[in-house]
Amino acid sequence: VHDKVREAAYNLIPDSDKRQFHYHLGKALNSICDGKDVGDIIFLIASLINHGKEWILRDEELSIAFAKLNMKAGKRALDGCDHKTAYSYLEAALSLLPEDHWENHYDLSLRLNFLTSSAANSCCQYDEAEQILRRGLTNARCLDDQLPSYLLLSQILQAQGKVNDVYDTCSAILTELGESIPESYTLCKSSEMLAETFKMYEELGDKWLKGEKTDDKTLHTTLQFYNVIGLASLFCKSFSMVVYFTCKAVQLSLYRGLCESTPLTLLQFTSIVTKDDNAVLCYRIAKNALSLQERFDVAAQVPELYNNFYGRFAWRFEPFQVCVNNLRRGFEIGFSSGNNYVGLLCALQVIKTKIITGSNLKSLLNEIDYYLHLLKTFQITRGINLMINFRETVSVLIDKGQATSIEAKAAFGDLNDPGNRLRDVFYFHQAIQAYWSGYTERCHHYIEKYLSVVGQVVRLSTFQMEFYHGLNSIDKYRGKNTFKCREIAGNCISTMREAAANSDWNFTNKLCLLEAEQQSLSYNHRQAIASYDAS
């Protein structure tokens, strides 16, 4: 009854007066609540006041006051992880500022400009976010005021797959910060720099890790840009340049102290440079990096920390299920905090690990479709292409592809182009599909292709290809027992033995299965049965 009475009373107000009615009601509520913590009521107050934009803009004092009110509402929505609502209030706040706001209200304009672009980015409004950022960069008075916007801009470009633009942006800013960015870097120099970095860590590590957090704000900013350019260079520069950036960042922190960017710097370093001969040292460095979370407020970096550690490194030592669980957590935190791009990188790592280690295929297909929907919603093109390939592989394993009509090959461009950084991904999936479909020759062809183009970053997928290479070669040459077969199987067994030494949980079963197949090939049936049982 009361609702009907209110509705009837409201309908008595002429339509032409309703906006003004809302505006005056909002002003009245705002005057009553001024200076108080009103919680979520701030959304109601701001929404009512925003009906009066035409009257607000006539009074500069009101414009600034209500722009601040909308900014406060937007920040509260951001804190509650409601990025769409935040963007609407922050956009309203920007629209209420007077024309000369950059001259007369610089600090407010700078802060509001950055918050609005952040919210737009979280809502996958990438073009709007970039336009707002570039407007802020044009009006910012000094480099220090521009740095947060340049960092966010590089992250937006990264999400859109514009890695060359990311590289150029970060390179220019690092140069402004006094860093030297080489045009190229040789493999010999990168090896020397890597050895020097490991030596520095061994000499300073324990004392350095126990040190106090540095007050050097420039270090924090510099490391952030090195971390972004290091990731971008994976897709547009030589591996030697990637090593240069990751080593340079670690050395800077070793020289100048610990800061909020140090954990991610160390984890990105270990995810790039780890090989069999330095794996144990890198694992110690990575675990130390994770332990720094307890000392520094790095909650916002958790998706990136987990993507680097559990997605690109920890499989060497930690059980696969631990990696999957923490990657899923990284995805959830990334999405709730608006870091959608890195959250979805964690999701890609979840699917890849599940395909390699085994999972219920129909459930996995549903999970892929969920992530694929999000990737399309947030327009992350590179992630879409990768997830489509995962989907095709799972569909082939279920029913030879009848569950999907997606053709993944078209998503990977020209596979004959040496500069195509996605060729190894395509060959990896084709090898898995061929192996489980029983196409021995085809599987051998794609494994050889994969091993010929895979980069120098050692990945879980490389170990899986080695495992399939051993099993497939034994099938291919069974009954012939050729030297080529024994050589390939022997190399694969050596690889699995080294892996099992670090992670019995993840690799011993694969080692035993390869040994069983090798024994069977040599007609050592008793030893083969024992190895099969062990596997």
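# A guided tour of the predicted model

Begin by selecting C124, which is buried, with a relative accessible area of 12%. The structure shown is a predicted model. C124 lies in the loop that runs between helix 8 (106-122) and helix 9 (126-139). Its backbone deserves a look: although C124 is not a glycine, its phi is positive, at about 55°.

Next, select Q379. Where is Q379 placed? This residue sits in the loop between helix 20 (361-377) and helix 21 (381-399). Q379, again not a glycine, has a positive phi of about 55°.

**The cysteines**

Turn now to C247 and display its sulfur atom. C247 counts as buried, at 0% relative accessibility. Which cysteine sulfur is closest to that of C247? It is the sulfur of C282, at 9.8 Å. Because a disulfide requires sulfur atoms within 2.5 Å, this separation is too far for a bond. Select C33 as well: C33 is buried, and its relative accessible area is 17%. How many disulfides does the structure hold? The structure holds zero disulfides.

**A pair of helices**

Move on to helix 24 (residues 460-476) and helix 25 (residues 483-502), and show both together. Their axes come within 9 Å and cross at roughly 145°. The crossing of helix 24 and helix 25 is left-handed.

To view the contact itself, display the side chains on each helix in turn:

- On helix 24, select F463, E466, F467, H469, G470, S473 and I474.
- On helix 25, select C485, I488, A489, C492, T495, M496 and A499, which the residues of helix 24 meet.

What classes of residue make up this contact? Between helix 24 and helix 25 there are nine nonpolar, four polar and one charged residues.

**Confidence along the chain**

Finally, colour the chain by pLDDT. The chain averages a pLDDT of 88, and 94% of the residues score at least 70.

How values were computed: Residues are numbered from 1 along each chain as its sequence is written. This is a predicted model: local features need pLDDT of at least 70, side-chain atom pairs count only at pLDDT 80 or more; totals for chains, interfaces and linings use all residues. Side-chain values use heavy atoms; hydrogens and water are left out. Buried means under 20% relative accessible area, exposed over 50%, partly exposed in between (1.4 Å probe, protein chains only). Axes are lines fitted to C-alpha atoms, for helices over the stretch in contact, and angles run from 0 to 180 degrees between N-to-C directions. Helices (H or I, at least four residues) and strands (E, at least two) are DSSP runs, numbered from the N terminus. A crossing is left-handed if the near helix is turned anticlockwise from the far one by less than a right angle, and right-handed if clockwise. Contact means heavy atoms within 4.5 Å. Ala, Val, Leu, Ile, Met, Phe, Trp, Tyr, Cys and Pro count as nonpolar, Asp, Glu, Lys and Arg as charged, and the others, Gly among them, as polar. pLDDT is the predictor's confidence in each residue, from 0 to 100.
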